[in-house]
Amino acid sequence: MAAFHPALQAITDTHARDVLIHLHGKASRQNISLAVRFATQLPRLLRGRPLPWARLEPKLSEMYLALDPANGVFCYLLARAMQARRIVEFGTSFGVSTIYLALAVRDNGGGIVIGTEMVPEKAAQARTNLRDAGLDAFVDIREGNALETLRDIDGPVDFLLNDGFPHFTLPVLKLLAPHMRAGAAALCGNAAAFPADHADYLAWVRDPANGFQSMKLAMKLAGEFSIKAV
Ligand SMILES: C[S@@+](CC[C@H](N)C(=O)[O-])C[C@H]1O[C@@H](n2cnc3c(N)ncnc32)[C@H](O)[C@@H]1O
């Protein structure tokens, strides 16, 4: 069991919260092996150069690469504030972020999180984790390449969590954009972590001609974010 992150206080479903704490513990125990896998890339990262994802990806197939509790709770609160009922998640991994999104959809009165994951073992374990959290009725986890699995989206999308590997983030956004309602949000955390690998994504999403208005989240404004829950 991992330490209780203060942000998790916002999650009132104590059963799902316990599952999250357990999974965050497992994810954080991979931090050292993850750092080892990225260590050789440090010079490129420091120089702001793109990373060789084709070489890195096979080494990440057993890694959680999960949102930390603060980012997960932020996604939950954002989806609650938007009253999101249909959420798409690119990059489900073991389902940590999916649990936060499914909680939001359930607490908004019901709906669906369409998740997608290309590693079959991860997709299977994500389904188990969502069931353990009591949220399997609110997810549709699709196994395979997002560019195929997300072709069939039935109904308007409120929120896209774009959390897969960099070279797919822009194609996924372009695939989803026609399904996103006016005011829908797209969040791509990796664009800040690996900006050089998201140059095309950032240029496209920041160009109002493409139908989006966009900015990098400003950390100075990252004060207390609250929603009125009831
Ligand atoms: C950063 S992890 C996602 C972490 C997850 N959102 C969480 O917070 O728990 C990215 C995941 O995207 C998956 N992925 C990468 N490219 C993909 C693709 N083209 N289609 C489906 N899944 C993909 C990877 O296998 C990996 O598990």
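Predicted model: local features only at pLDDT ≥ 70, side-chain atom pairs only at ≥ 80, totals over all residues.
**View 1**
The chain contains 11 helices and five strands. Its radius of gyration is 17 Å, close to the 17 Å that the globule rule gives for 230 residues, so the chain is as compact as a globular protein of that length. Along the principal axes, the C-alpha atoms of the chain fill a box of roughly 45 × 45 × 40 Å. Of the 230 residues in the chain, 35% are buried. When contacts between residues at least 6 apart in sequence are considered, 73% of them join residues that are at least 24 apart.

**View 1. The shell of residues around the ligand.**
The ligand is surrounded by 20 residues, and the closest of these are Ala-66, Gly-91, Val-96, Ser-97 and Ala-146. Two elements, helix α6 (96-107) and strand β2 (112-117), each supply at least two residues of this shell. Which kinds of residue make up the shell around the ligand, nonpolar, polar or charged? The shell divides into 10 nonpolar residues, seven polar residues and three charged residues.

Strand β4, which covers residues 157-162, is mostly covered, since six of its six residues are buried.

**View 2. The buried face of helix α9.**
Which residues of helix α9 (residues 166-176) are buried? They are Pro-166, Thr-169, Leu-170, Val-172, Leu-173 and Leu-176. Seen down the axis of α9, these buried residues fall within an arc of 165°, so they line one face of the helix.

Most residues other than glycine have a negative phi. Leu-65, although it is not a glycine, has a positive phi of about 50°, and its place is in the loop between α4 (53-56) and α5 (69-81). Is Leu-65 buried or partly exposed? Leu-65 is partly exposed, because 18 other C-beta atoms lie within 10 Å, while a buried residue needs 20 or more. Ser-93 is also a residue other than glycine with a positive phi, near 50°, and it is found in the loop between β1 (86-90) and α6. Ser-93 counts as buried because it has 26 C-beta neighbours inside 10 Å.

Ala-137 is found in the loop between α7 (120-132) and β3 (139-143). With 12 C-beta neighbours inside 10 Å, Ala-137 counts as exposed, because the limit for an exposed residue is 12 or fewer. Ala-137 and Val-113 are 24 residues apart in sequence, and their C-alpha atoms are 9.6 Å apart in space.

Ile-21 lies in helix α1 (residues 14-28) and counts as partly exposed, with 17 C-beta neighbours inside 10 Å. Between Ile-21 and Gly-211, which are 190 residues apart along the chain, the separation of the C-alpha atoms is 38 Å. Asp-68, found in the loop between α4 and α5, likewise counts as partly exposed, with 14 C-beta neighbours inside 10 Å. Between Asp-68 and Gly-211, which are 143 residues apart along the chain, the C-alpha atoms are separated by 30 Å.

Methods: Residues numbered from 1 in each chain as written. Near = placed C-beta within 6 Å. Helix = DSSP H or I, 4+ residues; strand = E, 2+ residues; numbered from the N terminus. Nonpolar A, V, L, I, M, F, W, Y, C, P; charged D, E, K, R; others polar. Rg over C-alpha atoms; globule rule 2.2 N^0.38 Å. Contact = placed C-beta atoms within 7 Å. Arc of directions from axis to C-beta.
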